[in-house]
Amino acid sequence: MNADKFVPQHSHFDLPRLRSVQVAQCTSLSTQHSALSTQHSQLSTQHSALSTQHSQLSTPNSALSTQHSALFEFRPYQRKFARPLTTHHGVWDMREGIILRLVDEVGNVGWGEIAPISWFASETLEQALDFCRQLPKEITSETIFAIPDDLPACQFGFESAFEGMESREWGVGENMSCTWISHKREIQGSRKGGRMVKKSFPPHSPHSPHPLPIREKFGCSGLLAAGEVALQQWQKLWEEGYRTFKWKIGVDAIATELAIFDNLCRSLPASAKLRLDANGGLSYEEAELWLETCDKIQGEVTAEIEFLEQPLPVKDLAGMLELSKFYRTAIALDESVATLQQLLSCYQQGWRGIFVLKPGIIGSPSKLRQFCQQHKIDAVFSSVFETVIGRQAALNLAAELSRKNRAVGFGVDHFFAQAAATNPENLWNNL
């Protein structure tokens, strides 16, 4: 149809001019539409970024694709320290926790452990017990993966038990030790229909016929008590095979601790590594003094000062970010990244240094795995003074997710009055 017939013959607008105006209006509208589209795109990008951050801590759908049920039992435990453990948070004389047991319809058993540390932002033991008490005798994977984030130790314990039941990793019942970490392995794990499939064990794992001797030059850090006792304690641990040590500071007067530190550094062998753990107990000025001292003594001794762990309180991430720019000695976050939410927050605020992760209280293993695989962080995996059950689950994650071959912090057995049980059945039957 000819558009000319719709233009009045006596109109003062001629057709070429009318078309020109229409084209200009069209261009203007197109420009406005383009601007609106850009704004929409920016909003979509912001929404996408927020969605991505949220999805970092979301449970993979594949884990819930097939629902499984299991009979559930739990038993509390207590383990007395040989001598009270002193940190900046106070004195700790008894480790208490909960052992979980899941049994599926064909008899596969999964073991888990809830080992909370409330001053590390986890739930309390009583809160964990209350949660266990209100559960039915038969629970599903849906229940496990729906445990709220304010129960991170429960998330770890139940999800570990579920994964262990699915993979039957406790079938042999061997001892779990830091030896497993000395030989780098990749866990070739995948989920099929909600089930975790593990393809193989490493040549020298505790499940192989000939595991390496316990603590034979493995990548495991031995914990030294605060104060002068560390000057004798490290020697015994060295004889047992430890080559990395962590010493608690921020407990005594700083002048006293600096004098012990100097003595300790000058007595350690050349191949030793030393970590200092302040548990957030230093002021900014004290942290500067420690870092200056570490930088200076590093040029005078052969042992390596690997890092200063959590020098400032959790609320002062900005201070630790600032300090990390001015000293050669590395800083590691610990209490600041005790839970998955804290881990994500510190990463988003720019921390790209060392992260000390305690799987036993950080939360869901599947969400932790997702975060570490996505962001490739420099992580050191550390103990919460758990039993062999929690330790195996934590070391599974360490073997899978460690990237820098840093010693794991599980050398703590010498802090307990009695030797630890070496398999879940023995531990369970003695509770």
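Colleague: Why is Ser160 called buried?

Modeller: In this predicted model, Ser160 has a relative accessible area of 7%. Buried means under 20% relative accessible area, so Ser160 is called buried.

Colleague: Where is Ser160 found, and what does Ser160 touch?

Modeller: Ser160 is found in helix H4, residues 152-167. Leaving out residues up to four places away in sequence, Ser160 touches Trp111, Pro365 and Ala393. Contact means heavy atoms within 4.5 Å.

Colleague: What makes Ala398 count as buried?

Modeller: The relative accessibility of Ala398 is 1%. The cut-off for buried is under 20%, so Ala398 counts as buried. Ala398 has its place in helix H13, residues 388-401. Its C-alpha atom is separated by 7.6 Å from that of Val408, 10 residues apart along the chain.

Colleague: How do you know that strands S7 and S8 pair?

Modeller: Two strands pair if DSSP finds at least two bridges between them. S7 (residues 220-224) and S8 (residues 244-248) have four bridges, in the parallel sense, so they pair. Thr244 in S8 is the bridge partner of Ser221.

Colleague: What is the strand order in the open sheet of eight strands?

Modeller: The order is S13-S12-S11-S10-S9-S8-S7-S14, with parallel pairing.

Colleague: Why is one side of S13 and of S14 left without a neighbour in the sheet?

Modeller: S13 (378-381) and S14 (408-411) stand at the edges and each has a single partner strand, so one side of each lacks a neighbour in the sheet. From one strand to the next, the twist averages 35 degrees.

Colleague: Which strands does helix H7 lie across?

Modeller: H7 (residues 254-267) lies across S7, S8, S9 (273-277) and S10 (304-309), and runs at about 170 degrees to S8.

Conventions:
Residues numbered from 1 in each chain as written. Predicted model: local features only at pLDDT ≥ 70, side-chain atom pairs only at ≥ 80, totals over all residues. Heavy atoms only, no water. Helix = DSSP H or I, 4+ residues; strand = E, 2+ residues; numbered from the N terminus. Axes fitted to C-alpha atoms, helices over the stretch in contact; angles between N-to-C directions. Buried < 20%, exposed > 50% of the residue type's maximum accessible area, 1.4 Å probe, protein only.
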